[in-house]
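Student: I would like to learn how to read a few features of a protein model, one after another. Could we go through them together?

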Amino acid sequence: MIRWRRGEVRQILPSWPGVVLCVVAVESADDGAGGTATCRALAYTDLVGSPEVGDTVLLNTGALDLGLGTGGYALVVAVPDRLPADREEPGHLVKARYTPLQATVLGADEQESPYHGVLRSAEGVDGMPVVVADLHSALPAVVAGVRAGRPGARIVNVMLDGGALPAAFSRLVDTLRGEGLLAGCVTTGQSFGGDLEAVTVHSGLLAARHVMGADVAVVCQGPGNLGTGTPWGFSGVSCGEAVNAAAVLGGRPVASLRVSEADARERHRGVSHHSLTAYGRVALARAQVVVPLLPGVLGERVRAQAGALGDRHELVDVGVDGLEEAVRALPVKVSTMGRGLEEDRAAFLSAAAAGRHAAGLL
């Protein structure tokens with residue numbers, strides 16, 4: 001469960017909107033008798049306020065102690081001696097429900113929202129291409145692929161709740177939005193902190209289209225993911241459900257394959273077993289599955305593995321010429337599972353190919 005620690009803020013590190021990073025001197029677990037050590041801690045300012053040097057903070061160090069790569073921080077749970085002021089804002093959607101840090105937000109589709117009428121009458125997304133990807137790290141490559149074909153396209157990220165719940169944790173969303181490459185982010189389910197909040201992926205897609213004016217939506221979980229090495233126990237199973245949602249709303253589902261040429265785990269080499277399960281067994285609606293035309297033995301393997309999806313979906317071969325350059329031109333450094341473009345080109349080219357195909361549907 002939660003590993004609680006008390007600490008003192010010693011230094012404020014470079015941060016970004018919605019987040020303060022700091023160095024904290026942390027008491028040991030045995031009532032402080034064993035001295036202190038320092039760690040990096042992350043505070044979500046909308047939840048706990050903004051820690052300052054000298055503040056006492058309460059920390060959750062569970063993910064840090066487990067050595068989880070994406071969550072390599074302690075999390076500030078409270079600044080007990082300087083609590084943030086109450087914020088009187090509309091909204092009654094509660095996210096992270098029934099946890100000690102549940103937060104109330106204004107949903108785009110609830111009655112107090114200025115968009116309630118629009119979303120109440122919206123019945124579909126007007127054939128909008130909806131790119132579905134397993135990992136959050138695919139987002140910038142998909143954006144690069146879309147913009148390679150349609151530089152002026154409005155792209156909205158619809159964030160699922162399989163990874164990080166706070167959108168503020170994503171440096172990718174913050175940078176792509178700041179650079180004008182992403183029109184915004186809609187957080188759905190238990191995730192929160194996007195430009196708009198939505199109850200489900202369905203209402204999130206409707207909000208992306210009818211409120212944010214999206215030409216293309218990119219659906220993926222937030223940073224981080226959960227996998228157990230079993231066929232069904234992974235958070236990316238939501239990709240199949242997102243395909244169903246896009247189809248129900250009259251969108252054009254575009255399935256991005258999770259591909260790797262460098263993952264040490266055989267089940268993720270070529271096309272990941274996660275993609276084969278999500279699209280091959282969970283997705284009941286028909287999607288266009290983008291098969292990147294990668295060179296050599298890897299390309300042959302990817303095409304053979306993707307062939308298993310051909311009975312249920314339309315397989316679309318998409319060339320990758322020029323897409324590496326498009327990914328390199330992004331204002332963010334791409335990385336997936338700790339591997340960059342040099343280590344695992346196939347991962348990013350596959351996602352960019354899905355974006356290129358979506359652009360061709362506009």
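Student: Does Phe169 count as buried or exposed, and at what relative accessibility?

Tutor: Keep in mind that this is a predicted model. A residue is called buried when its relative accessible area is under 20%, and Phe169 counts as buried because its relative accessibility is 15%.

Student: How is a pair of aromatic rings described?

Tutor: A pair of aromatic rings is described by the distance of the centres and the angle of the planes. In this model the count comes to 1 aromatic pair. Tyr73 and Phe169 form that pair, which is edge-to-face, with 6.2 Å from centre to centre and 90° between the planes.

Student: Which parts of the chain does the pair link?

Tutor: The pair links distant parts of the chain, 96 residues apart, since Tyr73 is in the loop between α2 (62-66) and β5 (74-78), while Phe169 is in the loop between β9 (155-160) and α5. Tyr73 is buried as well, because its relative accessible area is 15%.

Student: Which residues make the nonpolar surface patch?

Tutor: Met1, Ile2 and Trp4 make a nonpolar surface patch of about 440 Å², and Met1 lies in the segment before β1 (4-16).

Conventions
Residues are numbered from 1 along each chain as its sequence is written. This is a predicted model: local features need pLDDT of at least 70, side-chain atom pairs count only at pLDDT 80 or more; totals for chains, interfaces and linings use all residues. Side-chain values use heavy atoms; hydrogens and water are left out. Patches are made of residues with over 30% relative accessible area and no salt bridge: like charges are joined within 9 Å, nonpolar side chains (Val, Leu, Ile, Met, Phe, Trp, Tyr) within 5 Å. Accessible areas come from the Shrake-Rupley method with a 1.4 Å probe; for residues, only the protein chains shown count as cover. A salt bridge is a side-chain nitrogen of Lys or Arg within 4 Å of a carboxyl oxygen of Asp or Glu. Helices (H or I, at least four residues) and strands (E, at least two) are DSSP runs, numbered from the N terminus. Rings of Phe, Tyr and Trp (its six-membered ring) pair if their centres lie within 6.5 Å; planes under 30 degrees apart count as stacked, over 60 as edge-to-face and the rest as tilted. Buried means under 20% relative accessible area, exposed over 50%, partly exposed in between (1.4 Å probe, protein chains only).
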